[in-house]
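Below is a short briefing on one protein model. Please look over the sequence and structure before reading on.

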Amino acid sequence: KFQTTVVLLLLLLGLVVGQNCTGVVNGIEWDLSMLTYDPNSDTAPAGYSLPYTNGGSTDTFFVNFCAEVSSAAVSPDCNKGMESGSCQLHAGTYYGAGNAPDMEFQEYTPPAGGAYPYGVAIHYGGTTTLCSQLQQYRTTTVNIGCDPTENPGQLYSLSWSGCDYTAYFKSVYGCTPQCIAISLEPSDYGGILHVYGSTVGAPVSNSLYSCGSSESGSVWYTMTVTATTVTASTCNPNTNFDTVLSIYSGSCQSPVCVTQNNDSACSTSVGASSVTWTSSNTTTYYIGVSGFSTSEGNFDLSIQTSVLNVPCSHAFRIPGDSSTPFVIQGSTIGAPPSTLEICGLSNESLPVWYEITNYPIGTAVTLSTCSSYTNFDTKISVFSGSCSELKCESVRNRSCTNPNGVTTATVTFKPEEDTYFVVIYGAYGSSGQYQLTLSH
């Protein structure tokens with residue numbers, strides 16, 4: 001009884017129960033089944049027809065997906081002798097414009113102007129409706145462009161050459177999961193960003209995304225960072241299932257595998273994952289979180305950026321006059337030795353540079369690495385002036401032993417200029433991760 005009620009409800013909503021509208025184009029699996037409506041319904045979905053001007057008349061074009069257009073809502077004439085997946089109303093007469101049973105998936109052609117660059121196309125052909133004046137059969141290509149805001153979608157453009165029609169439809173179903181990935185913005189200063197999510201019920205990635213792919217559903221993120229090293233990890237307390245991480249560059253429909261990981265050596269019993277790669281600030285990365293085999297669950301994804309040593313002229317800028325303490329997590333691991341031997345720095349030092357601006361003149365500013373996150377003996381130096389004429393600032397310098405027994409640094413000074421440079425490095429050439437807190 002319950003199943004019968006569901007089927008009747010779907011019919012009343014105008015959906016084709018069990019209608020399959022799937023295909024593969026260039027290795028990508030597409031499913032447009034949710035775009036198909038019941039041709040026996042009295043009302044086709046809004047957006048499935050488009051008025052247009054053809055010569056001196058105002059015509060209308062109709063589409064459906066993997067099924068004929070509605071006979072009741074349009075006209076039975078559309079489907080005389082065929083099951084028209086598309087139909088043209090011209091000068092008061094309906095003409096079928098391609099046979100639904102002859103439909104095939106095709107490669108997407110983006111519209112002129114660059115809108116909706118990704119998607120898929122379907123083609124209605126067949127040898128049923130003859131365009132008598134040209135002695136050729138009517139065909140229609142419907143390009144479904146990726147628009148995450150359109151559900152189910154809207155027909156927005158039509159052109160034709162003879163009796164071959166090209167229609168453009170915008171829809172969320174023209175998107176692969178990767179093309180509507182959630183955008184992340186990790187810190188440019190180095191640090192950790194945490195994202196919480198779930199793969200329960202998420203769609204399974206298609207075969208084109210084979211870098212660490214699984215039978216489990218995937219959740220996707222995208223980001224561009226200026227950091228040189230990035231670590232993505234689910235080795236966090238809130239992850240409760242066996243995860244797989246996949247990293248791609250390229251585009252969402254032409255991905256290039258960067259790296260992947262199934263089980264990391266991190267201390268977790270659920271089979272969490274961790275990957276590290278060298279990034280480029282001109283490259284967009286796609287991060288897929290899925291499960292091993294059919295595993296699914298909740299995850300805590302951390303994105304940690306590490307910045308290598310940069311010269312003073314490219315120091316990382318810290319926003320000025322923060323009303324609350326500003327916290328940065330970073331690392332000096334892999335930084336080249338310092339080229340300066342002043343203000344505590346030597347050629348053994350592995351420094352990371354920051355620039356701070358616009359802090360109140362005469363108000364004490366405190367910089368500290370005194371945190372349990374810091375895991376090496378840190379030093380802090382402060383410079384005023386310009387990168388070509390750096391002046392070592394006299395600061396109140398005191399050490400702090402963190403809860404792990406590591407010696408860290410805290411310095412305090414009173415700005416007398418608008419711009420200062422802060423350098424984090426280790427004693428005797430040591431390196432590691434640090435948490436820098438700036439307050440005033």
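Predicted model: local features only at pLDDT ≥ 70, side-chain atom pairs only at ≥ 80, totals over all residues.

Residues are numbered from 1 along each chain as its sequence is written, and side-chain values use heavy atoms, with hydrogens and water left out.

**Overall**
- The protein has 1 helix and 32 strands (DSSP runs numbered from the N terminus: H or I of at least four residues for helices, E of at least two for strands).
- Of its 440 residues, 50% are buried (under 20% relative accessible area, with a 1.4 Å probe and protein chains only).
- Of the contacts between residues at least 6 apart in sequence, 70% join residues at least 24 apart (contact means heavy atoms within 4.5 Å).

**An open sheet**
- An open sheet of 5 strands runs in the order S7-S8-S11-S13-S12, with mixed pairing (strands pair if DSSP finds at least two bridges between them).
- Its edge strands, S7 (99–106) and S12 (154–161), each pair on one side only.
- S12 pairs with S13 (residues 164–171) in the antiparallel sense over 7 bridges.
- Leu158 has Ala167 in S13 as its bridge partner.

**Thr60**
- Thr60 belongs to strand S4 (residues 57–63).
- Thr60 counts as buried because its relative accessible area is 17%.
- Beyond its neighbours within four places in sequence, Thr60 contacts Ser49, Leu50, Pro51, Tyr52, Cys87, Gln88 and Leu89.
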